[in-house]
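Trainee: I am new to this structure. Please take me through one part of it closely.

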Amino acid sequence: MLQASRIIANLLVAGGTVLFRAATTAYKQAIINASKSGVTAESVKQASKRGRQISLEESQKILGVDSNATWEEIMEKYKKIYDANEKNGSFYLLSKIYRAHERLREEFPDSHVDDHEEPRQEKQ
């Protein structure tokens, strides 16, 4: 029984070593191929960012606003949903809500003031 345990352990170590070397070699080759084709690290980063950005329609659905909503309506919904999920929700939901807000903010160029602060009351 002890002999079988040793054989299995040796096979696992040898297999892990082979997989690690193969992954390392493949990664090195990918870097070489990318540099030959003119791909830079910055272009790879930008391409991956584009793939993760959510659509305008999805953002509107997440926040429960329609396409004609004003920035004030969007912020009202965002704050209400974000605050409710901050207390009881998950990190995943919070990030989806924030990304939806972030995407909708791109549609309103003049909205880049600090959205997380409460509006200041003007003195009369």
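Trainee: Which residues in α3 meet which residues in α5?

Mentor: Keep in mind that this is a predicted model. Start with the α3 side. Leu-56, Glu-58, Ser-59, Gln-60, Ile-62 and Leu-63 take part there. On the α5 side, their partners are Lys-96, Ile-97, Arg-99, Ala-100, His-101, Arg-103 and Leu-104. Sort the residues of this contact by class, and you get 6 nonpolar, 3 polar and 4 charged.

Now the geometry. Helix α3 covers residues 56–63, and helix α5 covers residues 91–105. Their axes come within 9 Å. They cross at roughly 125°. That angle makes α3 oblique to α5. The crossing of α3 past α5 is left-handed.

Helix α5 also packs with helix α4, which spans residues 71–88. Here the axes lie 10 Å apart, and the angle is about 170°. Angles over 145 degrees count as roughly antiparallel. So α4 and α5 are roughly antiparallel to each other. This crossing, too, is left-handed. From α4, the contact draws on Trp-71, Ile-74, Met-75, Tyr-78, Ile-81, Tyr-82, Asn-85 and Glu-86. From α5 come Leu-93, Leu-94, Ile-97, Tyr-98, His-101, Leu-104 and Arg-105. By class, the α4 contact with α5 has 11 nonpolar, 2 polar and 2 charged residues.

Compare the two lists for α5. Ile-97, His-101 and Leu-104 meet α3, and Ile-97, His-101 and Leu-104 also belong to the contact with α4.

Leu-94 is then in contact with Tyr-82, Asn-85 and Glu-86. Another reference point is Asp-83. Leu-94 and Asp-83 are 11 residues apart in sequence. Their C-alpha atoms are 9.1 Å apart in space.

Finally, step back to the whole protein. It has 5 helices and 0 strands. Along the sequence the pattern reads α-α-α-α-α. Of its 124 residues, 16% are buried. Take the contacts with a separation of 6 or more: residues 24 or more positions apart account for 59% of them. The accessible surface comes to about 10,400 Å². Carbon and sulfur atoms hold 57% of that surface.

Methods
Residues numbered from 1 in each chain as written. Predicted model: local features only at pLDDT ≥ 70, side-chain atom pairs only at ≥ 80, totals over all residues. Heavy atoms only, no water. Helix = DSSP H or I, 4+ residues; strand = E, 2+ residues; numbered from the N terminus. Buried < 20%, exposed > 50% of the residue type's maximum accessible area, 1.4 Å probe, protein only. Contact = heavy atoms within 4.5 Å. Areas by Shrake-Rupley, 256 points an atom, 1.4 Å probe, with all protein chains shown as cover. Axes fitted to C-alpha atoms, helices over the stretch in contact; angles between N-to-C directions. Parallel < 35°, antiparallel > 145°, perpendicular 65-115°, else oblique. Left-handed = near helix turned anticlockwise from the far one by under 90°. Nonpolar A, V, L, I, M, F, W, Y, C, P; charged D, E, K, R; others polar. Lists of a residue's contacts leave out its neighbours within four places in sequence.
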